[in-house]
Amino acid sequence: MLTEIMKTSEVKEKKDTRSGFGAGLLELGRENPEVVALCADLTGSLKMDAFEKEFPERFFQIGIAEANMMGIAAGLAIGGKIPYTGTFANFSTGRVYDQIRQSIAYSHKNVKICASHAGITLGEDGATHQILEDIGMMRMLPGMVVINPCDYNQTKAATIAIAKHHGPVYLRFGRPVVPIFTPADQKFEIGKAITMREGRDVSIFATGHLVWKSLQAAEILEEQGISAEVINIHTIKPLDEKAIIRSVQKTGCVVSAEEHQINGGLGDAIAHVLVRNNPTPQEFVAVKDTFGESGTPEQLMKKYGLDSTDVIEAAKKVLARK
Amino acid sequence: MDTNELKKIASQVRRDIIRQTNAANSGHPGGSLGCTELLVALYFKIMKHSPAPFSMDGKNEDMFFLSNGHISPLWYSVLARSGYFDIEELSTFRKINSRLQGHPATHEGLPGVRVASGSLGQGLSVAIGAAESKKLNGDKRIVFCLCGDGEMEEGQIWEAVMYAGARKVNNLIAIIDVNNQQIDGSIEQVMPYGDLRPKFESFGWNVLEMDGNDMQDVVQTLETALASTGAAQPVVIMMKTVMGQGVDFMMHTHKWHGVAPNDEQTKIALAQLEETLGDY
């Protein structure tokens, strides 16, 4: 699917993806009485306050006790509810990995683990809170769906769509205000990659905040005579292998781009598909096996190699390897 | 069902525990033997439940969660003997391609199990979630959860204890198997955390006590606990048991926590346990 978009310079509206989650959860709460929400003392940060206000009996304030939250969510799912848990990505994954593994994933519970402040754009709070390993941890769990939408509209659509999927889902989004460039009325399909821009020379597969950076990069590459295809991989698991192979058979080289460690994330997932089906030169835009630090999101994206210039550099490097 | 009949079932269940662990050459007989009266009383007397067809959501049924999942041979025997699956399946315990995993799981679709357990400390949280779902569903039945006393060393237990007390989860009955044993020795040797009663009381729980190896006391205390639900507090029963109860050489020691009896030991053990319902 090719989404018609304006030039990136023409996109004016901006919002944080976490607000897309909050809006989606509220809308879903009105549609589906089985949806319940749990939060570990971060209701405002997760934008869950509107849901809490409208559905107090379906909202569970757990306190700062994430392990207990995951267990209670599993229990609510047993009773037929569709629980959405909300806390920072760090406390949604690394802190509670064993609870997710045993009580949710292995037990195939219909729990939606909704994780805000993912990645380095969490910013000033620093590396203790900037989880860059969460996609890796979650995609290793059998049966877990892993989604990282790119903007407000897509996060809202994904929040609503995952209620219809029976099984555990990890939904990852972030804190910073970023451009809104996908349609408000989009239909979100789990596992279906979206071609944002067609191209011939290089395939850029991006997820989350890096989709926008990749679109910016593709415009500059075009000015330099390089035709880049940009594909939004909002679902990292299950991965849209067909879309990846189809694009690569046309372009012959790959850049993967993600706000995540170079190990274990989208880049690894794509390389795994290609090495089995269509071995292809690939460059990785990702954090290079290091922890983050305090700073503004923009400063950190630059310093840790996650900016549009890094996507451009990676594209040129991989083109030279064709 | 009267106490004598329940005791007869308990004797058969203990035989099943010994035979399963012996055949698997692994498993956890000690805690299983200690908690036998409780599970027999729950499944054959106290709980309203529907073995077949088994429903995962347990709507309008009492639900049981086993947080200390390693005492699976006990649970499997009680589930089979109360009609959740064929007793012949007990012979597959811990074997390849079995639904009777070393620790309980839903993954293979074993009727009666609603969540995996084994990694300790998680079951009470899940039981609370199930209890909360019953409240939302207007379902008046009760959720039971068994935990070990060694398991009280897990941090998540206290998150759950805090939550249930603060939120007055009054359709929940937790039972702690107080056998004072864990893998490396007694509780006093490994982590002398002191008396559990004031800890639970300070978090707002109604604390009862019983002799977990006295069937009459177990039934009566469970009935008292049931009568205490619906009030302002969650209920917990401190259940004193002897690890290895019913087999003399396994009693009063942690050594049979996770060791299976060999063929000779199995013969001696079975000689002490009357076959009442027929072996599988």
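To start, I call two residues in contact if their C-beta atoms, placed from the backbone, lie within 7 Å. My helices (H or I, at least four residues) and strands (E, at least two) are DSSP runs, numbered from the N terminus.

A note on the source: this is a predicted model, where local features need pLDDT of at least 70 and side-chain atom pairs count only at pLDDT 80 or more, while totals for chains, interfaces and linings use all residues. Residues are numbered from 1 along each chain as its sequence is written, and chains are lettered from A and ligands numbered from 1 in the order in which they are written.

**Entry 1: a helix pair in chain B**

I looked up which residues of H3(B) meet H4(B). On the H3(B) side I found Thr36(B), Leu39(B), Val40(B) and Tyr43(B), and they meet Leu74(B), Trp75(B) and Val78(B) of H4(B). H4(B) covers residues 72-81, and its axis is 10 Å from that of H3(B), at an angle of about 25°. Axes here are lines fitted to C-alpha atoms, for helices over the stretch in contact, and angles run from 0 to 180 degrees between N-to-C directions. That angle makes H3(B) roughly parallel to H4(B) (under 35 degrees counts as roughly parallel, over 145 as roughly antiparallel, 65 to 115 as roughly perpendicular and the rest as oblique).

Is H3(B) largely enclosed or left open? Nine of its eleven residues (36-46) are buried, so H3(B) is largely enclosed by the rest of the structure. Buried means 20 or more other C-beta atoms within 10 Å of a residue's own, exposed means 12 or fewer, and partly exposed is in between. Among the buried residues are Glu37(B) and Ile46(B).

**Entry 2: a second pair in chain B**

Next I checked H1(B) (residues 3-24) and H9(B) (residues 215-228), whose axes come within 9 Å and cross at roughly 110°. H1(B) and H9(B) are therefore roughly perpendicular to each other. Thr3(B), Leu6(B), Lys7(B) and Ala10(B) of H1(B) make the contact with Met215(B), Gln216(B) and Val219(B) of H9(B).

**Entry 3: a sheet in chain A**

I traced an open sheet of five strands in chain A, in the order E9-E11-E10-E13-E14, with mixed pairing. Two strands pair if DSSP finds at least two bridges between them. E9(A) (194-197) and E14(A) (282-287) are at the edges with a single partner strand each, so one side of each has no neighbour in the sheet. E9(A) runs antiparallel to E11(A) (residues 228-232), and three bridges join them. H10(A) (residues 266-277) lies across E10(A), E13(A) and E14(A), at about 145° to E13(A).

**Entry 4: where the chains touch**

How many residues of chain A are in contact with chain B? I found 22, and they touch 25 residues of chain B. H3(A) (66-78) and H5(A) (97-105) each supply at least two residues to that side of chain A. The largest share, nine residues, comes from H3(A).
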